[in-house]
Amino acid sequence: MRNFVVGNVDFELYEMTIFSTDDIRAIERKTIEMDGVSSRELIKRMARGAADEIASRWRPTRPMTVFAGPGENGAQALVTAGLLAERGYNPTIYLFNIGGNRLSRDCRVCRDELQAAMPDINIIEVQSRFNFPELTPRHIIIDGLFGSGLREPLNGGFVQLVRYINESKGTIVALDLPSGLFGDINVNTINRDVIHATLTLAVQFPRISFFISDNAELVGEWRCIDIGLNAEAIRKTPSNFHLVEGPEVRDLIRPRNPFATKADFGSALIAAGSYGMMGAAILAARGALRSGAGKVTVHAPQCGYEVLQSSVPEAMFDPDASKLIISELRPEDKYTAIGVGPGLGTNEHTVNALELFLKTRTKPVVLDADALNCIALRPAMLKDLPVLSVITPHPGEFDRLFGEHHSDSARLLKAIEVSHTLNILILLKSHYTALVRPDLKVYFNSTGTPGMATGGSGDVLTGVITSLIAQGYKPEVSALIGAYIHGVAGEIATREQGELGVTAGDIAANIGKAIKQVTARSSENLQN
């Protein structure tokens with residue numbers, strides 16, 4: 001666990017680090033220095049892991065073509081091909097040595113060793129233009145062209161080769177990284193100029209780019225090959241990017257005192273709903289209740305009274321002065337957390353109410369859905385957001401707030417900038433939802449399913465995060481736990497209903513089960 005400070009706020013979070021490409025290179029260098037291993041030994045470790053993974057998936061009867069570049073990635077491909085040949089595969093290897101003297105030392109040595117050990121193996125050394133080999137949908141294609149050694153986008157003949165490989169519809173296994181993709185944030189990548197891998201076998205760690213939806217069709221399924229990098233070097237290498245998984249969340253969730261009362265778990269206010277959109281308020285309230293808030297109150301227009309009281313009888317109702325919209329928002333201290341936005345609408349009176357609320361609110365607030373759309377209508381409200389408030393935009397809402405972006409990579413970079421500048425927390429929703437913090441750290445969530453792509457899912461999340469803040473969790477911890485638990489609830493709902501059958505109500509109903517599932521192991525440990 002690490003402690004650190006942003007402004008006047010203490011942060012205390014667990015982390016699984018995701019390293020940049022430069023970080024990984026530095027760790028490899030330190031491993032070579034500290035453990036006394038050679039770079040070629042690390043290449044061989046990677047190749048052994050890759051060969052094991054490939055052999056466990058596909059039979060040697062499949063035709064195999066290997067494309068090896070002139071550097072470390074090419075060396076990995078050469079050794080992998082040799083190991084697979086020993087298992088009965090018959091690879092044809094294209095080794096790119098344009099100009100005749102471009103191979104790195106390790107690549108040259110790996111080539112010579114392979115030729116000496118297997119003189120019959122088919123290595124075609126490409127030194128100039130060549131005719132593309134026949135590739136069919138049955139082919140296993142190993143991409144060892146560039147991996148993380150690439151410094152600039154592909155160009156010239158390599159672009160044509162990559163497009164040809166992709167068009168073959170073969171099974172493509174990328175070693176380290178799909179050639180043409182960078183391991184960090186890719187803003188200007190042209191997808192058709194990058195290998196579209198079926199499977200990516202990364203060296204030791206997943207890359208930052210794996211968690212950005214723009215790259216999903218490029219990376220395909222991914223697995224990490226442990227090459228035994230030095231544990232001390234890993235531990236001492238800092239990074240701003242992290243992956244949130246079960247053990248970290250489990251340790252953050254506090255057990256309840258047997259003598260606790262509802263007063264110990266806070267009072268959450270959900271300001272939500274308008275005529276025709278009271279369902280959003282119901283879903284947010286259910287999310288807050290199922291995640292443990294001591295008391296939940298819904299502030300909504302008067303038209304919502306009967307539907308709220310009958311649908312969520314556990315929640316209290318605080319009527320607005322208006323019958324159809326929310327026209328007033330009061331930053332009352334009796335609530336330990338306030339969430340605003342689901343089903344709110346963007347009526348001018350509602351926008352005015354939100355603007356006044358933000359000017360007078362000093363504690364963090366959770367803002368989602370129409371609260372964000374109201375702010376987009378009056379962007380000056382952004383400067384009034386209380387420190388460490390949580391906003392939870394999907395890509396469309398993010399673009400309405402901060403300008404149009406043509407990729408999720410660009411959105412993530414903008415979110416990092418905005419979070420730091422405004423001192424707020426941004427939960428940028430995606431397959432790997434990213435919690436972006438003012439200290440420039442980014443936490444990717446590892447839970448959830450496509451079944452959660454349904455109306456109202458985000459309303460449930462708003463309720464969960466608001467509830468956790470009400471219970472005394474810090475906003476950054478609440479957003480992290482909330483996103484993870486919300487994803488687990490979606491996974492449970494998907495198992496029960498199937499991806500097409502999940503509704504936001506199913507997600508809300510499974511929040512309690514999700515928390516139980518995440519905390520179960522620690523409870524068992526206590527009993528033992």
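Which residues of α11 are buried? That was my starting point today, and I kept in mind that this is a predicted model.

**Entry 1: helix α11**

I looked up the buried residues of α11 and found Thr350, Val351, Ala353, Leu354, Phe357 and Leu358. Looking down the helix axis, I saw that these buried residues fall within an arc of 160 degrees, so they line one face of α11. A handy reminder for me: an α-helix has 3.6 residues a turn, so residues three or four places apart point the same way. On the face turned away from the buried side I noted the exposed residues Glu348, His349, Leu356 and Lys359. I then checked what covers the buried residues of α11, and the cover includes β15, β16 and α12.

Next I checked the length. Helix α11 has 13 residues, 348-360, and at 1.5 Å a residue it should span 18 Å; the end C-alpha atoms are 19 Å apart, which agrees. At the start of α11, I found a side-chain oxygen of Asn347 within 2.8 Å of the backbone nitrogen of His349.

**Entry 2: Asn230**

I found Asn230 in the loop between β10 and α7. Asn230 is buried, because its relative accessible area is 11% and the limit for buried is under 20%. Its side chain reaches the backbone nitrogen of Ala233 at 2.9 Å. Leaving out residues up to four places away in sequence, Asn230 touches Thr31, Met34 and Asp35.

**Entry 3: cysteines**

I searched for disulfides and the structure holds zero. For Cys110, the nearest cysteine sulfur is that of Cys107, 6.9 Å away. For Cys303, the nearest is that of Cys374, 16 Å away. Cys110 is buried at 2% relative accessible area, whereas Cys303 is partly exposed at 32%.

Methods. Residues are numbered from 1 along each chain as its sequence is written. This is a predicted model: local features need pLDDT of at least 70, side-chain atom pairs count only at pLDDT 80 or more; totals for chains, interfaces and linings use all residues. Side-chain values use heavy atoms; hydrogens and water are left out. Helices (H or I, at least four residues) and strands (E, at least two) are DSSP runs, numbered from the N terminus. Buried means under 20% relative accessible area, exposed over 50%, partly exposed in between (1.4 Å probe, protein chains only). A polar contact is a pair of N or O atoms within 3.5 Å; within protein, one must be able to donate a hydrogen and the other to accept it, and residues adjacent in sequence count only if both atoms are side-chain atoms. Contact means heavy atoms within 4.5 Å. A disulfide is a pair of cysteine sulfur atoms within 2.5 Å. The expected span of a helix is 1.5 Å times one less than its number of residues. The arc is that of the directions from the helix axis to the C-beta atoms.
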